[in-house]
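The sequence and the structure are shown first.

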Amino acid sequence: MNSLKTKPATSVSARTVMAAAAADIIIILAFAAIGRDAHHREEPVLGVLLTAWPFLAGAAAGWMVARAWRNPLSVLRAGVPVWLGSLIGGMVLRALTAQTVVVPFIIVATLALAVFLVGYRLLLVGLARLRRS
């Protein structure tokens, strides 16, 4: 785990990559679940998946473009690309599939996904710095 400047890790374990990918998936599913709950939507499981899939696809694209598996806990090399991929990809896919894309939702998604997807990586960087001190 490196600082915000993040140099590529010399060796990242498969366990770390899987944990970061799982965390991203869980975060996006939670984001979708919270949104659906706030709007009292029906079909909780299927509805969450319907809401989440565009953001999950966008996050996967962010992982691929950034090659996030090389340093999956990096804020700049993984967190920001995954966030932007999930946000932009998610909104584009929602628009292409006739799902709601309105300015208030874009604002909420921008902030929530940033706080969650970049935030947990920032916390881990901070914890690593504290441990080294």
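## Basis of the description

A residue is called buried when its relative accessible area is under 20%, exposed when that area is over 50%, and partly exposed in between. Arg67, with a relative accessible area of 41%, is therefore partly exposed. The model is predicted, and every value below was computed from it.

## Helix H1 and its surroundings

Helix H1 has 25 residues. From its first C-alpha to its last it reaches 36 Å, close to the 36 Å expected at 1.5 Å a residue.

The buried residues of H1 are Val17, Ala20, Asp24, Ile27, Ile28, Phe31, Ala32 and Arg36. An α-helix has 3.6 residues a turn, so residues three or four places apart point the same way. Among the elements that cover the buried residues of H1 are H2, H3 and H4.

How many salt bridges are counted? The count comes to one. The side chains of Arg121 and Asp24 form a salt bridge, with an N to O distance of 2.9 Å. Because Arg121 lies in helix H4 and Asp24 in helix H1, the pair ties together parts that are 97 residues apart in sequence.

Are Arg121 and Asp24 buried or exposed? Both residues are buried.

Pro44 lies in helix H2. Its relative accessibility is 62%, and Pro44 therefore counts as exposed. Between Pro44 and Ala33 there are eleven places in sequence, and their C-alpha atoms are 7.6 Å apart in space.

Thr51 is also found in helix H2. With a relative accessible area of 12%, Thr51 is buried. The side chain of Thr51 is joined to that of Arg36 by a polar contact of 3.1 Å. When neighbours within four places in sequence are left aside, Thr51 is in contact with Ala32, Arg36, Arg94 and Gln99.

## The loop between H2 and H3

Arg67 lies in the loop between H2 and H3. Most residues other than glycine have a negative phi.

Trp69 lies in the loop between H2 and H3. Its relative accessibility is 36%, so Trp69 counts as partly exposed. Leaving aside neighbours within four places in sequence, the contacts of Trp69 are Val12, Val17, Trp63 and Met64. Trp69 and Asp37 are 32 residues apart in sequence, and the distance between their C-alpha atoms is 32 Å.

Helix H3 comprises residues 75-96, which is 22 residues. The helix reaches 29 Å from its first C-alpha to its last, close to the 32 Å expected at 1.5 Å a residue. At the N-terminal end, Ser74 caps H3, with a side-chain oxygen 3.4 Å from the backbone nitrogen of Leu76.

## A nonpolar surface patch

Leu84, Ile88, Val92 and Leu96 form a nonpolar patch on the surface. Together these four residues have about 380 Å² of accessible area. One of them, Leu84, is found in helix H3. At 34% relative accessibility, Leu84 counts as partly exposed, because the range for that class runs between the cut-offs of 20% and 50%.

## The residue after H3

H3 is followed by Ala98, which has a positive phi. Ala98 is found in the loop between H3 and H4. The phi of Ala98 is near 60°, in a residue other than glycine. With a relative accessible area of 72%, Ala98 is exposed.

Key
Residues are numbered from 1 along each chain as its sequence is written. This is a predicted model: local features need pLDDT of at least 70, side-chain atom pairs count only at pLDDT 80 or more; totals for chains, interfaces and linings use all residues. Side-chain values use heavy atoms; hydrogens and water are left out. Helices (H or I, at least four residues) and strands (E, at least two) are DSSP runs, numbered from the N terminus. The expected span of a helix is 1.5 Å times one less than its number of residues. A polar contact is a pair of N or O atoms within 3.5 Å; within protein, one must be able to donate a hydrogen and the other to accept it, and residues adjacent in sequence count only if both atoms are side-chain atoms. Patches are made of residues with over 30% relative accessible area and no salt bridge: like charges are joined within 9 Å, nonpolar side chains (Val, Leu, Ile, Met, Phe, Trp, Tyr) within 5 Å. Accessible areas come from the Shrake-Rupley method with a 1.4 Å probe; for residues, only the protein chains shown count as cover. Buried means under 20% relative accessible area, exposed over 50%, partly exposed in between (1.4 Å probe, protein chains only). Contact means heavy atoms within 4.5 Å.
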